[in-house]
Amino acid sequence: MAPTQDQIRERLAAIAAPGGAKLTEAGVLSDIVVTDGKVFFSLSVDASEVKAWEPVRKQVEDAVRAIPGVTSALVALTAERAGGGKGTPPPARPAQSQAQGHAHGAPAGPSGVPGVKSIIAVASGKGGVGKSTTSINLALALRDLGLNVGVLDADIYGPSMPKLLAIREKPETIGGNRLKPIERHNLKVMSIGFLIEEETPMIWRGPMVMSALTQMLREVEWGQLDVMVVDMPPGTGDTQLTMAQQVPLAGAVIVSTPQDLALIDARRGVAMFKRVNVPILGVIENMSYFVCPHCGTRSDIFGHGGAQHEAERLGVPFLGAVPLDMTIRETSDAGRPVVATQPDGPHATVYREIAQKLRDALAGPGAGRAAPKIVIEA
Ligand SMILES: Nc1ncnc2c1ncn2[C@@H]1O[C@H](COP(=O)(O)OP(=O)(O)O)[C@@H](O)[C@H]1O
Ligand SMILES: [Mg+2]
């Protein structure tokens, strides 16, 4: 029997907040989401009190896990109570030591994911432009360059990795509370889609998004990764802010189609990451041109070149153009991404060229600039 929210709340009432008040009366508790025995919620506290709250967070998590019927519990601390106007600022983003290749085993910055050298976000202003398709093929292409690669599906509203990789199994737990990523094609993969049923309505509120992301970043045995590719949901919402705040992103890759409208959205995406001091590693133009499978004639159906032009205008690198191609769509939909299943084909070549540029951008002098301070406009 799955526990009810009331049962959980009752249990939490017996736990004290750092000031001594009952946890349930400290005004920090988010909504509690229970799906299928899995419990998520967050404690939203002042940024200055995070240290004092961490042991409480742990205690709460353990207590919830001990409730009969609970199969897993994730409790995240979110320091989002910055208050209006001159309130406590959100914690500064740590300098991006990760992207500068800190040694394995060295303690990560407060927000780094231990063992993971560079985290890159694959983002776009709007949905359906091919972020997920690009993420997985890019991850495979980076793997082909000899890198250890992980894929984090951060699209908690519409996870794609289960389908793109035809993954139906659930991740194993290690030691009760850590998850083992699923391995496919030599990639380590984690998706919220592995943890929840497809039919579960996903009414993720902001703090829930943070909880789920935090779990996927920090409670998964990623091991040693050169690159973690994060497939982002579209837009500039909670996930983007959470990622920018919680981990030192080496940078963002913006995927765009050539259409103008998409470009306006892409511009928004670029602006958003710039605002939170995440370097833009480059723009990829997806569905850029169409090569007729019968006669080989190339058609620029959407007006090819828009993204390249836009990248120049915005002063961000252009990483390459991926054609609109039936093979890419069919292999994606069949859970057999093209770079894995046709490694010698023309599509894999395109993705590998982009991956090379990306790797160079990660290693280059512009990468890993220390971010002076995070500034998030309300
Ligand atoms: N280059 C491409 N050629 C053909 N189809 C593509 C290409 N890129 C993506 N698609 C298809 O477009 C649809 C949306 O792609 P997806 O990667 O899910 O986008 P997003 O993650 O941005 O929402 C999918 O059906 C996918 O197979
Ligand atoms: Mg997607």
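Modeller: In this predicted model, 52% of the 378 residues of the protein chain count as buried.

Colleague: What makes a residue count as buried?

Modeller: Its relative accessible area must be under 20%. The 52% given for the protein chain is therefore the share of its residues that fall under that cut-off.

Colleague: Why is the pair formed by Gly128 and ligand 1 called a polar contact?

Modeller: A polar backbone atom of Gly128 is 2.8 Å from an oxygen atom of ligand 1. A polar contact requires a pair of N or O atoms within 3.5 Å, so this pair qualifies. By the cut-off of 3.5 Å, two further pairs therefore qualify: a backbone N or O atom of Gly130 lies 2.9 Å from an oxygen atom of ligand 1, and an N or O atom in the side chain of Asn286 is 2.9 Å from a nitrogen atom of the ligand. Taken alone, ligand 1 exposes 560 Å², of which the protein buries 81%.

Colleague: Which residues surround ligand 1, and which helix gives the most to its shell?

Modeller: There are 17 surrounding residues, and Gly128, Lys131, Ser132, Thr133 and Pro323 are the closest. Helix α10 gives the most to the shell, with four residues; α3 (131–144) and α10 (326–333) each supply at least two.

How values were computed: Residues are numbered from 1 along each chain as its sequence is written. Chains are lettered from A and ligands numbered from 1 in the order in which they are written. This is a predicted model: local features need pLDDT of at least 70, side-chain atom pairs count only at pLDDT 80 or more; totals for chains, interfaces and linings use all residues. Side-chain values use heavy atoms; hydrogens and water are left out. Buried means under 20% relative accessible area, exposed over 50%, partly exposed in between (1.4 Å probe, protein chains only). A residue is near a molecule or strand if one of its heavy atoms lies within 4 Å of it. A polar contact is a pair of N or O atoms within 3.5 Å; within protein, one must be able to donate a hydrogen and the other to accept it, and residues adjacent in sequence count only if both atoms are side-chain atoms. Accessible areas come from the Shrake-Rupley method with a 1.4 Å probe; for residues, only the protein chains shown count as cover.
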